[in-house]
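Q: Hi! Could you walk me through this fold with me? I'd like to start with how the strands pair up.

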Amino acid sequence: MNPEHAPLIEMKNIEKHFGSVIALNGVSLEIYPGECHCLLGDNGAGKSTFIKTMSGVHKPTRGEILFEGKPMHFEDPRDAITAGIATVYQDLAMIPLMSVSRNFFMGNEPEKKFGPFKLFDHAYANEITMQEMRKMGINLRGPDQAVGTLSGGERQTVAIARAVHFGAKVLILDEPTSALGVRQTANVLATIDKVRKDGIAVVFITHNVRHALAVGDRFTVLNRGKTLGTAQRGQITPDELQDLMAGGQEMVALESSLGGTV
């Protein structure tokens, strides 16, 4: 918890039902500016439903979500994006054969007028793309380089830089390191650190405890659609976090040892 700031997002006892299936069953969470909040859970824990509920894809069956202190009623993901909640999914929503700059500005194409016609402003797009990628520590051969020639870590960085450039206040990252090698993972974690230091809230969805502990400020474990509690950096060991993901009973003992809510 960061007492200097009000939370950007508050999720209060969120439930999401799909018919008789309960995907989320009482999720409570707070997301603060400038923090990396890691949400951990094994397959089937409810992480995907959680992401889609926070980003406006699903409407909660019960509970309340506050965004910047006001009830959040997004009709669709575009409303969430406009408000400043950006989600980078595992598939990255990129076209491999298109250039980095074209992918960077996909859906937000800058235009210039040529008589009665409007054309894609290549010069502006190229300049901004190179500039934003350099900020993230990636030096491209050129803005016309095809996205498909980039490493997995570099593609993740393009997606993150794109979200930040277009005004993300909350950046939700869905397993960004799951299919990456050691060096690429280190690059993505460094990018997350840069974004957090710029005051953007990062929600880092992962099942990898080591990756979470490398950049996380707070850690929430999701198990069978429920949050088992939230621990701050330094309050929980890697083994305790791993055990929570596997079972969930250990949080009760951990809360008792710390004298209250973790």
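Q: Which residue is the bridge partner of V88 in β9?
A: That is L173.

Q: Before we go on, what kind of model is this?
A: It's a predicted model, where local features need pLDDT of at least 70 and side-chain atom pairs count only at pLDDT 80 or more, while totals for chains, interfaces and linings use all residues. Residues are numbered from 1 along each chain as its sequence is written, and side-chain values use heavy atoms, with hydrogens and water left out.

Q: Thanks! What's the strand order in the six-stranded sheet?
A: The order is β6-β9-β10-β3-β11-β12, in an open sheet with mixed pairing. β6 (85-88) and β12 (226-232) each have a single partner strand, so one side of each has no neighbour in the sheet. On average, neighbouring strands here are turned by 20° against each other, direction ignored.

Q: And which strands does α5 touch on that sheet?
A: α5 packs against β6 and β9, and its direction makes about 170° with that of β6. Contact means heavy atoms within 4.5 Å; axes are lines fitted to C-alpha atoms, for helices over the stretch in contact, and angles run from 0 to 180 degrees between N-to-C directions.

Q: What about α8, which strands does it touch?
A: α8 (residues 238-246) touches β3 (36-40), β11 (218-223) and β12, and its direction makes about 25° with that of β11.

Q: Switching to helix pairs: at what angle do α4 and α5 pack?
A: At about 110°, with the axes 10 Å apart; α4 spans residues 122-135. They are therefore roughly perpendicular (65 to 115 degrees).

Q: Which residues meet there?
A: From α4, I128, E132 and M133 meet E154, T157, V158, A161 and H165 of α5. By class, this contact has four nonpolar, two polar and two charged residues. Here Ala, Val, Leu, Ile, Met, Phe, Trp, Tyr, Cys and Pro count as nonpolar, Asp, Glu, Lys and Arg as charged, and the others, Gly among them, as polar.

Q: How many residues are in the largest nonpolar core?
A: It has 48, and L40, L171, I192, V195, F219 and L241 have the most contacts inside it. Helix α5 (residues 152-165) gives the most to this core, with six residues. A core is a set of buried Ala, Val, Leu, Ile, Met, Phe, Trp, Tyr and Cys residues joined through side-chain atoms within 4.5 Å. Buried means under 20% relative accessible area, exposed over 50%, partly exposed in between (1.4 Å probe, protein chains only).

Q: Now the four-stranded sheet: what's its order?
A: β2-β1-β4-β5, an open sheet with antiparallel pairing. β1 (residues 9-18) and β2 (residues 21-31) pair over eight bridges, and they form a hairpin with two residues between them. G19, in the turn, has a positive phi of about 65°.

Q: Last one: which residues of α1 are buried?
A: K47, T49, F50, I51, T53 and M54. With six of its eight residues buried, α1 is therefore largely enclosed by the rest of the structure.

Notes:
Parallel < 35°, antiparallel > 145°, perpendicular 65-115°, else oblique. Pairing = 2+ DSSP bridges.
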